[in-house]
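Below is a short briefing on one protein model, arranged by topic. Please keep the sequence and the 3D view open while reading.

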Amino acid sequence: MFETITTFSFPTRIIFGMKAIRQLPGCLEENGVRRPLLVTDPGLRAAPPFRAVVSALEEGGVEYEVFDGVHPNPVEEDVVQAAKSYRTAGCDSVIGLGGGSAIDVAKATVVMAREQGALADFEAQAGGMNRLKGPYDPIIAIPTTAGTGTEVGRSSVITSQKLKRKIIIFSPWLMPTRAILDPELTVSLPPSLTAATGMDAFTHCLESLTCPVYHPICDAIAIHGLELIIRYLERATRDGGDIEARGNMLVAASMGAIAFQKDLGATHSLAHPLSTEFGLHHGLANALCLPAVMRFNLDAAAPHYALLTRLYRNGHSNESDNREAAEAVHKVEGMIERLGIQRGLRNHGVPRESLESLSASAFADSCHKTNIRPCTREDLLRLYQESW
Ligand SMILES: [Fe+2]
């Protein structure tokens with residue numbers, strides 16, 4: 001018992017609350033930096049969250065540069081250009097403002113501003129945590145969606161157009177030094193993106209809970225994250241101005257990413273190629289594949305799924321775990337439907353004849369290696385067919 005040594009760590013300082021954005025100059029000062037590069041996407045530049053960040057910086061007398069060229073599914077060239085702006089302007093820190101894409105580009109920017117070579121040279125490999133020789137300059141993450149949770153995560157996912165796949169760089173040095181969660185910055189997110197990003201957070205909590213790695217602290221965080229998402233995601237999707245729902249979803253998304261330091265599962269392996277090859281939003285891709293993966297995992301994950309059903313029911317029941325676990329799939333499908341997500345990969349531009357090659361890419365993705373039930377390539381193909 002307990003012969004394997006395990007390390008538990010939760011180092012990102014999170015600043016949460018209405019107008020938390022005003023703490024930004026103080027965060028920079030605490031980190032001893034004065035000239036950040038603000039990394040964002042072109043859509044946000046004209047939107048209220050950008051103005052809120054800029055006015056916080058200006059009120060604090062902070063000189064900053066802006067890079068606003070991040071693509072929705074970020075590509076390596078975004079990082080190359082951001083790192084160039086960083087060096088030219090003599091920056092000493094980054095602020096990632098946006099969804100997962102802008103924050104992931106911000107993380108990779110501090111690495112590539114210093115290192116030589118291509119992003120793939122620093123890619124995570126089995127046991128390859130130490131390919132990044134940090135510490136790098138401070139990263140401050142300001143999410144405008146409640147989904148990826150990358151504001152508290154150790155990875156950055158960037159697509160290499162040359163290699164035609166996602167590159168994952170992964171290191172404790174990529175953990176932001178501060179995450180600022182201000183619910184007001186998420187109110188302008190439209191319902192479809194609120195639903196999709198929220199389903200990413202939900203999938204993080206559920207896949208990390210079921211992943212067979214010993215981490216009871218992450219398990220507790222995942223369970224409460226699920227509880228918050230069940231309670232608040234539909235509300236935030238129905239009424240974007242519901243600050244209570246928005247705030248709880250922001251916290252739940254961070255909890256999902258804290259929990260998945262355990263690892264993820266097959267849903268994420270299926271989702272990644274759908275974004276790379278067909279441009280599906282990552283959260284949407286998860287939502288479309290999750291019910292099939294839950295059915296596949298049903299016996300292995302029965303106690304976890306039974307717990308999920310009880311969270312939906314807001315309490316305990318006298319039913320057996322097996323019966324409650326089967327019910328969890330219906331509960332999740334019902335929630336996805338109420339969120340307005342149309343089921344079926346076929347309805348999202350994925351041709352049936354692509355499933356074979358998608359399953360090869362999904363099998364090459366490492367997330368399914370920690371799925372609670374081991375998967376073959378044929379299993380992944382069947383899961384795509386079932387989700388089609
Ligand atoms: Fe995800």
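Predicted model: local features only at pLDDT ≥ 70, side-chain atom pairs only at ≥ 80, totals over all residues.

What spacing do the donors of the iron ion follow along the chain? They follow D-x3-H-x63-H-x13-H.

**Iron site**

- The iron ion is coordinated by Asp200 through OD and by His204, His268 and His282 through NE2, at 2.1 to 2.2 Å.
- The arrangement is irregular because the 4 donor atoms subtend angles of 84 to 167° around the iron ion. To count as tetrahedral, four donors would need all angles between 85 and 135 degrees.
- Asp200 belongs to helix H6 (residues 191-210) and His268 to helix H9 (residues 266-278), so this pair ties together parts that are 68 residues apart in sequence.
- Asp200 and His268 are both buried.

**Helices H6 and H9**

- Two packed helices are described by the angle between their axes and by the distance between those axes.
- For H6 and H9 the packing angle is about 145°, and the axes are 9 Å apart.
- On the H6 side the contact is made by Asp200, Thr203, His204 and Glu207, which meet Ala266, Thr267 and His268 in H9.
- The residues of this contact divide into 1 nonpolar, 4 polar and 2 charged.

**The sheet**

- Six strands form an open sheet in the order S1-S8-S5-S4-S2-S3, with parallel pairing.
- Strand S1 (13-16) and strand S3 (65-67) are the edge strands, and each pairs on one side only.
- On average, neighbouring strands of the sheet are turned by 20° against each other, direction ignored.
- Strand S2 runs parallel to S4, joined by 4 bridges, and Val39 stands opposite Gly96 in S4.
- S2 also runs parallel to S3, here with 3 bridges, and Leu38 stands opposite Val66 in S3.
- Both faces of S2 are covered: Pro36 and Leu38 on one side, and Leu37 and Val39 on the other, are all buried.
- Strand S5 (residues 139-143) pairs with strand S8 (residues 178-181) in the parallel sense over 2 bridges. Ala141 stands opposite Ala179 in S8.
- Helix H5 (residues 100-112) lies across S2 (36-39), S4 (93-98) and S5, and runs at about 165° to S4.

**Thr276**

- Thr276 is part of helix H9.
- Its relative accessible area is 28%, so Thr276 counts as partly exposed.
- Thr159 is 117 residues away from Thr276 along the chain, yet their C-alpha atoms are separated by 7.3 Å.
- Apart from neighbours within four places in sequence, the contacts of Thr276 are Thr159, Lys164, Arg165 and Lys166.

**Backbone details**

- Most residues other than glycine have a negative phi, and most peptide bonds are trans.
- Gly134 and Pro135 are joined by a cis peptide bond, with omega at about 5°. Pro135 is placed in the loop between H5 and S5.
- Lys19 has a positive phi, near 65°, and lies in the loop between S1 and helix H1 (24-30). With a relative accessibility of 38%, Lys19 counts as partly exposed.
- Asp263 also has a positive phi, near 135°, and sits in the loop between helix H8 (243-259) and H9. Its relative accessible area of 35% makes Asp263 partly exposed.

Note on methods:
Residues numbered from 1 in each chain as written. Heavy atoms only, no water. Donors = N, O, S within 2.8 Å, 3.2 Å for Na, K, Ca; no water. Tetrahedral: all angles 85-135°; square planar, octahedral: opposite > 155°, others 65-115°. Buried < 20%, exposed > 50% of the residue type's maximum accessible area, 1.4 Å probe, protein only. Axes fitted to C-alpha atoms, helices over the stretch in contact; angles between N-to-C directions. Contact = heavy atoms within 4.5 Å. Nonpolar A, V, L, I, M, F, W, Y, C, P; charged D, E, K, R; others polar. Pairing = 2+ DSSP bridges.
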